[in-house]
Amino acid sequence: MTIRFAEPDKVKELYLVIDDNPSPVAAHFIFGPAADPLAVKLRVRVNTYTNVHAVALMQDGALIADAKFVKASGGCSAPMGASDEEAMQGMGEMRMKFFAAAPGLAEAKLMLRHPNFNGMQMNQVTRNFTPARFLDHVVVKEGDELVFDLSTSISMSTDPVLSFGLRPRGDSKVSVEAHDSSNGAWRQAFDMPALSN
C-alpha cells in the first residue's frame, strides 16, 4: 500500500487501519526530524473485502483521514508455502536501497526478513496452527535523528518491505532496530551513498 501526503512537512504521525482484519491497526508511524513523509509504502495482509483508512495526526493536532475500499481475501490465514523452519531461516536479515528524490531528499527501501506468523496460519504438514511471532516495533534513524518509529501488528506481511523518505544529513549512517513479539531483536546500520538527482 502507498500513502501519500499533500503537506508532508505538517505530518506528525500516521495510522493505517484495515477495518476487517483481526488486528485492524496495521501500522502506527511516528515521524522524526529526519523524515520526509511525502509517501510511505508498505506490504500488509488484507483478510477480506474491507475499507482501509489512513489517518494522519498533523503538527497542529488536526486529524486528516482518507479511506479506500480494497478487494482481497484470505490474506491473514493463507499458508506460508514453506515450512515454518524454512520461513524462519535468516530471520532478522536486512537490506536497504537508497534512491535520489528531490534536492536534499532521498527515498529508502528497507527489506526485512521475518515470517510474521500471525497465529492463524495452518502448517500444511502437521495441520496445527503456527504460533504467532511477528514484528511489532521498527525504529529507523539517520545518525542520532529519528526518521520514524513504527509500531505494527499481525497485519504486516511476511518479509515486509517499507519504503520511506528521509532528509540526508552528510555522511551519517542509517540505522534500523527491529523487535518482534517473541523478544527477538535485530540491529543494522547502512551507509548512505552519495545520491544525485
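## Ground rules

The model is predicted, so local features need pLDDT of at least 70 and side-chain atom pairs count only at pLDDT 80 or more, while totals for chains, interfaces and linings use all residues. Residue numbers start from 1 along each chain as its sequence is written, and side-chain values use heavy atoms, with hydrogens and water left out.

## The sheet as a whole

Picture eight strands lined up in an open sheet, ordered S6-S5-S2-S3-S10-S9-S12-S13, with antiparallel pairing. Strands here are DSSP runs (E, at least two residues), numbered from the N terminus, and two of them pair if DSSP finds at least two bridges between them. At the edges you'll find S6 (63-70) and S13 (185-191); each has a single partner strand, so one side of each has no neighbour in the sheet.

On average, neighbouring strands of this sheet are turned by 15° against each other, direction ignored. For such angles, axes are lines fitted to C-alpha atoms, and values run from 0 to 180 degrees between N-to-C directions.

S5 (residues 50-58) is joined to S6 by eight bridges, and the two run antiparallel. One spot to look at is Ala54, which sits opposite Asp66 in S6.

## Around S3

S2 (residues 11-18) connects to S3 through a hairpin of six residues, and five bridges hold the antiparallel pair together. Tyr15 has His28 in S3 as its bridge partner. S3 also pairs with S10 (residues 145-152), again antiparallel and over five bridges, with Phe31 opposite Phe148 in S10.

How enclosed is S3 (residues 25-31) by the rest of the structure? Largely, because five of its seven residues are buried (under 20% relative accessible area, with a 1.4 Å probe and protein chains only).

Conventions: Helices (H or I, at least four residues) and strands (E, at least two) are DSSP runs, numbered from the N terminus. Buried means under 20% relative accessible area, exposed over 50%, partly exposed in between (1.4 Å probe, protein chains only).
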